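Here are a few friendly exercises to work through with the model in view. Take them one at a time, and try each task before reading its solution.

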Amino acid sequence: MTQQQSIHPSVEQFKQFVRQHPKMADEIKSNKKTLQQFFEEWSVLGPEHEQWRTYQIDAANDTNAATDNHRAEGPHTAQNADSTATDTLGQVMNMMRRFNVQDLQNHLAQFSSVLSNVQNVMQTFQQPNNPQTRSNQDYPFSFRRD
């Protein structure tokens, strides 16, 4: 399976969006925002939000940039795939750095507690409702009236 087939359609749309807004790359390179933050904002706000106007290039430069993008994509497709794989690996490594094991353990403990409570409630309702009748075992001696 090629890489193009495995990419989610929304990710492909976001890639096109980033190509149309190249000033976003400057923000990412200067560590003001991450690509993940831009993607989350894009998915919530949508591509037509006025916030994205600051990241667009001028209309005159837009046609030149589009032509340059097509030239760059042509002969260097393998390099683009490698750089995309490297970018993805970098994103995964950044996510792993922000990963807090203590928080995960706390969440798992809470989840375990919730599951335990649910199991207890289910067991309570699954027990048969036998009426509280006294059996002969409750009275070990048999007394009769004379």
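**Exercise 1: a charged pair**

Glu-41 and Lys-33 form a salt bridge, with 2.9 Å between their closest N and O atoms. This is a predicted model, in which local features need pLDDT of at least 70, side-chain atom pairs count only at pLDDT 80 or more, and totals for chains, interfaces and linings use all residues. Residues are numbered from 1 along each chain as its sequence is written, and side-chain values use heavy atoms, leaving out hydrogens and water.

Task: Is Glu-41 buried, partly exposed or exposed?

Solution: Start with the rule: buried means under 20% relative accessible area, exposed over 50%, and partly exposed in between (1.4 Å probe, protein chains only). Next, take the value for Glu-41, a relative accessible area of 24%. Glu-41 is therefore partly exposed.

Task: How many salt bridges does the rule count?

Solution: First, a salt bridge needs a side-chain nitrogen of Lys or Arg within 4 Å of a carboxyl oxygen of Asp or Glu. By this rule, the count is 1.

**Exercise 2: helices and burial**

Task: How many helices and strands does the chain have?

Solution: Look for DSSP runs, numbered from the N terminus: helices (H or I) of at least four residues, and strands (E) of at least two. The tally is 7 helices and 0 strands.

Task: What share of the chain is buried?

Solution: Of the 146 residues in the chain, 7% are buried.
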